[in-house]
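Please work through the following exercises with the sequence and the model at hand. Each task is followed by a solution in steps.

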Amino acid sequence: MNETSQLALGAAAIGLAGTWVWRQRPALRALHRASALALALFLGAHVLGHLAGLAGAAAHQAVLEALRSIYHQPVVEGLLLAGVLFQACSGLTLLWRGWNQRKGVVAWAQAVSGAYLSLFLLIHVAAVLAARQQGVDTNLQFAAAGMHNPPWQWFFGPYYFLAVLALCTHVGCALYWNLPPRQRAPVLAAALVVGVLLAATLVVMLAGGFRGLEVLLATGPGVAPVAG
């Protein structure tokens with residue numbers, strides 16, 4: 001099953017789920033939380049897999065291949081695509097519905113981080129699928145390419161930084177509402193600190209700040225390897 005058919009499977013699943021959710025509107029938040037728990041495992045492994053690049057591109061590739069042996073299985077990947085689409089669409093729907101009811105910094109932090117994460121996931125997944133259709137290996141070098149192609153580093157630096165920070169912020173806010181009052185603020189603060197540190201580490205690594213990276217950059221009709 002190729003990427004196009006996997007995406008079609010995901011879109012069909014989203015269509016069926018969306019139809020049911022529209023008829024059972026109170027279930028949307030519960031389904032959003034359930035899909036978030038499932039995706040959190042994948043996203044956590046994905047971010048940590050990228051951080052394996054701190055040990056070099058070869059170490060990252062080894063971890064990536066191990067993870068791909070699981071999530072590149074056609075059924076698993078189709079379910080992941082469906083989960084990403086559902087999570088993004090349901091999150092944006094919840095944001096729209098509760099726009100005038102949201103009060104407090106934490107509630108707005110959860111909403112804004114969720115909105116950014118939804119848009120990031122939709123854009124990132126589309127970019128990865130498009131690259132794979134062209135035979136490009138979407139590994140560490142692929143992720144780092146924009147950081148080495150001026151002036152695009154000024155876009156991709158904040159783009160990646162805010163995505164990791166949004167993920168940790170959203171998780172921290174979700175925990176905040178489900179913990180005893182005394183534990184809420186410390187846990188949320190810890191999530192924000194972890195988010196800033198992880199995001200900064202990832203961006204610096206992709207920029208070649210820890211180890212040089214050889215990436216493929218567009219140079220007219222072809223590409224050329226450039227050491228980061």
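The exercises below concern a predicted model and treat a pair of helices and a group of aromatic rings.

**Exercise 1.** Determine how helix α2 and helix α3 are oriented and which residues meet between them.

*Solution.* 
Step 1. Helix α2 covers residues 28-51 and helix α3 residues 57-71. Their axes come within 9 Å and cross at roughly 160 degrees.
Step 2. Angles over 145 degrees count as roughly antiparallel, and α2 is therefore roughly antiparallel to α3.
Step 3. The crossing of the two helices is left-handed.
Step 4. On the side of α2, the residues in contact are F42, A45, G49 and H50; on the side of α3, they are H60, V63, L67 and Y71. By class, this contact has five nonpolar, three polar and no charged residues.

**Exercise 2.** Classify the aromatic pair of F155 and F156, and then that of Y159 and Y160.

*Solution.* 
Step 1. Two values describe a pair of aromatic rings: the distance of the centres and the angle of the planes.
Step 2. The structure holds 10 aromatic pairs. In one of them, F155 and F156 lie 5.0 Å apart, centre to centre, with 85 degrees between the planes. Planes over 60 degrees apart count as edge-to-face, and this pair is edge-to-face.
Step 3. For Y159 and Y160, the ring centres are 5.3 Å apart and the planes stand at 55 degrees, so this pair is tilted.

How values were computed. Residues are numbered from 1 along each chain as its sequence is written. This is a predicted model: local features need pLDDT of at least 70, side-chain atom pairs count only at pLDDT 80 or more; totals for chains, interfaces and linings use all residues. Side-chain values use heavy atoms; hydrogens and water are left out. Axes are lines fitted to C-alpha atoms, for helices over the stretch in contact, and angles run from 0 to 180 degrees between N-to-C directions. Helices (H or I, at least four residues) and strands (E, at least two) are DSSP runs, numbered from the N terminus. Angles under 35 degrees count as roughly parallel, over 145 as roughly antiparallel, 65 to 115 as roughly perpendicular and the rest as oblique. A crossing is left-handed if the near helix is turned anticlockwise from the far one by less than a right angle, and right-handed if clockwise. Contact means heavy atoms within 4.5 Å. Ala, Val, Leu, Ile, Met, Phe, Trp, Tyr, Cys and Pro count as nonpolar, Asp, Glu, Lys and Arg as charged, and the others, Gly among them, as polar. Rings of Phe, Tyr and Trp (its six-membered ring) pair if their centres lie within 6.5 Å; planes under 30 degrees apart count as stacked, over 60 as edge-to-face and the rest as tilted.
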